[in-house]
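The stops below are meant to be taken in order.

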Amino acid sequence: MSSYDDVAEWYDAVQRGGTIVQDAAMRADFTRLTCDRELICLPKKRFYDPYCMNVAFGPRRFSVGDGSVKERWPARFPAFGGGQGFTLIELLVVMSIITILAGMMLPSLSRAKEKARQTTCINNLRQIGIALKLYVDDQSSRFPPHIVRDPDELHLRNTTMTMGGYDPQPRLLDFFPSAKARPLYSYLTPSEVYRCPVDKGQRLAPLKLKPSNWSSIGCSYIYNAGRLATLEGGGFRQTPDDPARGMAEKSESWVPSPVQYIFMHEPPARLYATLTGPEWYQWHYSRGTTDLDDPTVARAQFYSPVLFVDGHSAVPNFSRSLMTDPYYPYEPTRDWIWYKSADGN
Ligand SMILES: [Zn+2]
């Protein structure tokens, strides 16, 4: 009984008339000859059980159809007592390929999902834009007010965060108007159109609009009217035309550039002043925390879907203004204008 390091040598021995003996010694070196045209062999030097653990290295199959010996990786081999099945190494290879593919696809999948959510907001804002246009046409070309009087009460309530949408939570009725008192109520009735799908809410200490603006005040989008918050020591590089009201109740012709002038936006577009200090937010593309006390150390970018006065929507990146120039975050850029200066620009 001989055993061979080199399978070609072994095959030659078989061809010369050697007999394959299926004894224990033989099995210790090679698996058996499976048919006339194919030899299934294992390397001689191994330290594993040939019939079970050999899958750890995988058997080599030697095709001898044309007389030469060719080594190829087997698709299957008679492991575990001769049945047909995948080897462990094959399964591991397939699993690792699946893992790699999944790893490659998941980020693009989540990017695609984020794009879809932005598209929802762009469409919502477009519809809100149409309703606003109808409102303005009915009001002799004047934009909505930033304060309304609730029909049931005498209080004046700020409506920049509630152009439309559902009633606020009862605890917030002192601060936000009911659905019926909102400017767009009869133009675009309360519906999901007022909802940003990634609305993460605002702390707005002490109001706490959580878990979302939508669930607490019935609207995710904000009207660019009323006073814009600034940091102490900062503000506007040009004198604003009407810093207390902005575009509220102004005529359409007041707006310097309708294609750039922001009409509606989401909280991440700008800064908020509250009892406990300034606040910034991140909704779309947010990572980790969505409420920020310092925009310069934010982990994500400040993206906000925006409706412009001319009726078109886009998703500008406000990071540059908020992170590199937080004291003057409202200066005009090529893409947007937040306020009108006293000299008309
Ligand atoms: Zn949104």
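The tour goes from the whole chain to one helix and then to the core.

This is a predicted model: local features need pLDDT of at least 70, side-chain atom pairs count only at pLDDT 80 or more, and totals for chains, interfaces and linings use all residues. Residues are numbered from 1 along each chain as its sequence is written.

Start with the protein chain, coloured by secondary structure: five helices and twelve strands. Helices (H or I, at least four residues) and strands (E, at least two) are DSSP runs, numbered from the N terminus. Of the 345 residues, 30% count as buried, that is, with 20 or more other C-beta atoms within 10 Å of their own, the C-beta atoms being placed from the backbone.

Next select helix 3, residues 88-138. Its end C-alpha atoms are 74 Å apart, which agrees with the 75 Å that 51 residues should span at 1.5 Å a residue; the expected span is 1.5 Å times one less than the number of residues. Zoom to M105, where helix 3 bends by about 25°, with P107 following within four residues. The bend is the angle between axes fitted to the seven residues ending there and the seven starting there.

Now show the buried residues of helix 3, among them Q118, L125, I128 and Y135. The buried residues of this helix pack against strand 7, strand 11 and strand 12.

Finish at M264, which touches L125, I128, Y221 and L307, among others; a contact means C-beta atoms, placed from the backbone, within 7 Å.

Notes
Contact = placed C-beta atoms within 7 Å. Buried ≥ 20, exposed ≤ 12 C-beta atoms within 10 Å, placed from the backbone. Lists of a residue's contacts leave out its neighbours within four places in sequence.
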